Amino acid sequence: VALAGRTAMWWARLRSPFSAAAPLCLASWLPAGPVVCRRPYSSRDKEKLDMSRYPVESIRNFSIIAHVDHGKSTLADRLLEITGTIAKTDRNKQVLDKLQVERERGITVKAQSASLFYNHEGVNYLLNLIDTPGHVDFSYEVSRSLSACQGVILVVDANEGIQAQTVANFYLAFEAQLAVIPVINKIDLKNADPERVEKQIEKLFDIPINECVRISAKQGTNVEKVLQKVIEKIPPPQCNTADPLKALVFDSTFDHYRGVIANIALFGGEIQKGHKIVSAHTKKRYEVSEVGILTPNEQPMHKLYAGQVGYLIAGMKEVTEAQIGDTLFLYKQPVEPLPGFKSAKPMVFAGMYPVDQTEYNNLKSALERLTLNDSSVTVHRDSSLALGAGWRLGFLGLLHMEVFNQRLEQEYNMSVILTAPTVPYKAILSSPKLIKEYGKAEITIINPAQFPDKLSVSEYLEPTVLGTIVTPHEYIGKIISLCQDRRAVQKDMLYIDEQRVMLKYLFPLNEIVVDFYDALKSLSSGYASFDYEDAGYQAADLIKMDVLLNGNPVEELATITHSDKAYATGKFLCERLKDAIPRQLFEIAIQAAIGKKIIARETLKAYRKNVVAKCYGGDITRRMKLLKRQAEGKKLMRKIGNVEVPRDAFIRVLKRQTDK
Amino acid sequence: LAPCPQWPYCRQRCSYCSFNTYVVPALDEAAVGACLVREARTLLRLSQVQSITSVFFGGGTPSLASPRTIAAVLEAVAGAVHLPTSAEVTLEANPTSASTSHLAGFRTAGVNRLSIGVQSLDDAELRLLGREHTAAEARGAVEAARGLFPGRTSLDLIFGLPGQNQGTWTRGLEAALELCDDHVSLYQLMLERGTALASQVWGGALPAPSQDLLADMYQAARAMLVAAGFRHYEVSNFARKGALSTHNLSYWRAEQYIGVGPGAHGRFVPRGEGSCSREARVQTLEPNAWMREVQSRGHGTRRRVVLSPLEQLEEVLALGLRTDEGITHKRWGHFSPNLSLEAVFGALGEAKDLQEQGWLVLDSSGLRCTWEGLALLDSLLPDLLCQLQRC
């Protein structure tokens, strides 16, 4: 009752300065125009908004969640346009995706946020759109974004229907007890079948058919209705400005000039420049130098109030100081910290080395700078006899690893040697000597080089995931045999409509890390979708396998594998390596070995003739060019013993095209 | 110095050939001949050499030209510089344009060595190669040539044809050995982009021989020719009784040569312009355009690039190692007076490794491939170039 009363009061206050007739309020004091192109850091000091005009009751904090390609970013673009946050032009594509890699791949890697101002039935609302990454590797970031929300827009493609990520994302929202607004997108497409999708949503998520909104984000159809639903269905945040400050850090970025920019959601109190704040996590004290909202670039404000979402700059020099999930409070006014999140758990580890050791320092600074904006990557210094000094990096998944590598190349012009990815295995040590050495009995192995021998281990453990597959039913047979081949155990199988089936399997993580998704896509003609979540560890019979070239180990290819898979994996690696290495002056034995035991072998025969037949006056210029190019190429080869291996050979070996 | 006039015309295009050749219905031979004469004069004057060591009429099919045209070019050469009677004057001939009387005409014109494009002594293989002659015609041509140019007739053979096996190749080579004079060139078929044969092989219509089969064919041929008394003096060339091709040796020894005619390449120092740098030169490819240029400015040089000392040494290396004599200390010293072969390749490095592996020899006579190394030269050269570039 009290809440309702306050709402009415705010209504009255908000109505007065604006005409209630216009349903859409393009507030003239808001910066219009394509602000995305510039970063107007502090240009608007004089015209700062009074954020106290947006009390808790008029605030809605929400995310858009969707399977990849179902139109999340397009809907976000439209919402930004409708609310006047950005100018409406044809160029607004993936406005919130700022990275080159995001635009190239059409994915969101780094979540962005935007505050939208919208007048509905005469009331001015502050709608905070907290974007979420759209790939399984980044589901950790999704749950992080959701922690600052009270509701979500669940976008489903009217043609493709519910997919694995739709399911996973729905459950993330459902478990966080968020309001869910189902939106069926792409109804303009020829094969759109919104009725079918509505039925799926009803069956799987128990949401009545009449609650679905049918839209075309591309054409703008019904997008306004989505905004209205956001206001009607999503509750305002439950908090109070009169309470002491309680701010959740749900993301952070790093700016070279201003240091850490922390994205915060206020669960109580207010915050402004000059406030002394403390991090619950580090207990460190800071003075706030700037607060503001994101539109989607930073807009400084005098103050932020409970329920609002924005950013804060407070002289934090390192991203680690703005621990994601941390709670900030006022100095000498401590509060009970918010539950926070488990820190991002790397699922895939790989060694990264400079191609040339003289590049070590450049690579080091590139890594430091890139990880400032991607704190989910873990970095440990590492070194190897063969590859020199480098690092062992932990990623959220293989796509994350590829994206990171691509960003290193695109944003820092660095090319590197990456070793075979491995998942974090565990070993329960039995050898007292080793236990003493490690200081504990259970160790995590993120580098095959550190795999302890069976004799000193009582049990090996491997990480598992619970995978969700959604597929048209005609592919079930193939998919089940693929899963069995990957040592997966079926947990559930459910028809979500007449044609579509949802399967749940418990997978060993290493079986899906490299290429499971590609294999699944290829055997289902692209129709099956996949998502997974962490499911703990299970005992496994693991062994370390080396790949040798003429007896010399190839460090990039050392792998930990399940003993059932050792022969097949060994044979496969040897065969692929044979195709990836050019013939040389001597025979090359390509072997897979477990300890001293050779389990697979391929032989690359020596060149017996390699000389061009005709070489007279005419051809020599072209010929010399070719020879010189080959000489240049030699300098880029990786030498293992005396075998010269092209640098991309290992990546080619690891990137499986088809599954046998 | 060795001028090499190019006759770019053919009666038909062979299925494997990607050279700069033209099949034209009617040809103003007098005009083409006049242009060859004029360009030869211009370039010889530019080179300011005193004497000629060899002349090589290549193509195309220079035996399609009349002896009169060949004579005119040789007269022009002799008129411009000293052309000793001992100079080797080779003409490439096709079996179909090598009647005894025609060949005799070439001899009268001053030609003293003939290189005959036999390619194969099997009619099916000749059809596959798109040759216009039969095996019998090839035999007739070689016999006629040997009569007119005894000890100075060479024949060309191709191996590695689609469908060819070790047996058919060695039998063909045996037949050729019975027919041949003292010089044989053996070429492994190269599939060149844009040729009819390559598209058939790459399209899957014809089989490609395996790398191992090609190596076996080459090694078997080497053994057979050596057993028959031939010296394997260059990757693809064999000679006995000292009948080595002087002209081709001058290429491999990185001596000066002048390309005359459409698309011809040359390497010489244009001292006539006051230069003392060796240049790589290419004449205009298309015959009509080339003729217009020669008529208007005396030559059709389309591209000239000054070769740096390093580039010259790279060529010396890549070409010289093709021969059994290799690169002598004297020749290397001519191009590299300050840095000896020992200084470049004697230290620890690629050359040393290749010597230890038995592919290369560096001794008092120079740097050369071993018998085994010669067949693998293209795998050795990138390493050697790397080592050279570091000096």
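**Entry 1: ground rules.** I am working with a predicted model, in which local features need pLDDT of at least 70, side-chain atom pairs count only at pLDDT 80 or more, and totals for chains, interfaces and linings use all residues. Residues are numbered from 1 along each chain as its sequence is written, chains are lettered from A and ligands numbered from 1 in the order in which they are written, and side-chain values use heavy atoms, with hydrogens and water left out.

**Entry 2: chain A.** I looked at contacts in chain A between residues at least 6 apart in sequence and noted that 71% of them join residues at least 24 apart. I then listed 16 helices and 33 strands for chain A, where helices (H or I, at least four residues) and strands (E, at least two) are DSSP runs numbered from the N terminus. Of its 660 residues, 57% count as buried, and here buried means under 20% relative accessible area, exposed over 50%, and partly exposed in between (1.4 Å probe, protein chains only).

**Entry 3: where chain A meets chain B.** I found that 28 residues from chain A and 44 residues from chain B take part in the contact. Together the two chains bury about 3300 Å², 56% of it on carbon and sulfur atoms; buried area is the accessible area (1.4 Å probe) that two parts lose on being put together, summed over both. Leu585(A), Arg608(A) and Lys609(A) supply 22% of the area that chain A buries against chain B, which is more than any other three residues.

I next looked for salt bridges, each a side-chain nitrogen of Lys or Arg within 4 Å of a carboxyl oxygen of Asp or Glu, and the rule finds 9 of them across this interface. One that I wrote down joins Glu192(B) and Arg622(A), whose closest N and O atoms are 3.9 Å apart. Helix H15 (residues 620-635) of chain A gives 12 residues, the largest share of the side of chain A that touches chain B.

**Entry 4: helix H3 of chain B.** Which residues of H3 (residues 100-109) of chain B are buried? I noted Leu103(B), Gly105(B), Phe106(B) and Ala109(B). Seen down the axis of H3(B), the buried residues fall within an arc of 150° (taken from the directions from the helix axis to the C-beta atoms), so they line one face of the helix. On the other side of H3(B), Ser101(B) and Thr108(B) are exposed. The buried residues pack against helix H2 (67-80), strand E3 (88-93), strand E4 (113-119) and helix H5 (135-148) of chain B. After H3(B) comes Gly110(B), with a positive phi near 125°.

Technical notes
Contact means heavy atoms within 4.5 Å.
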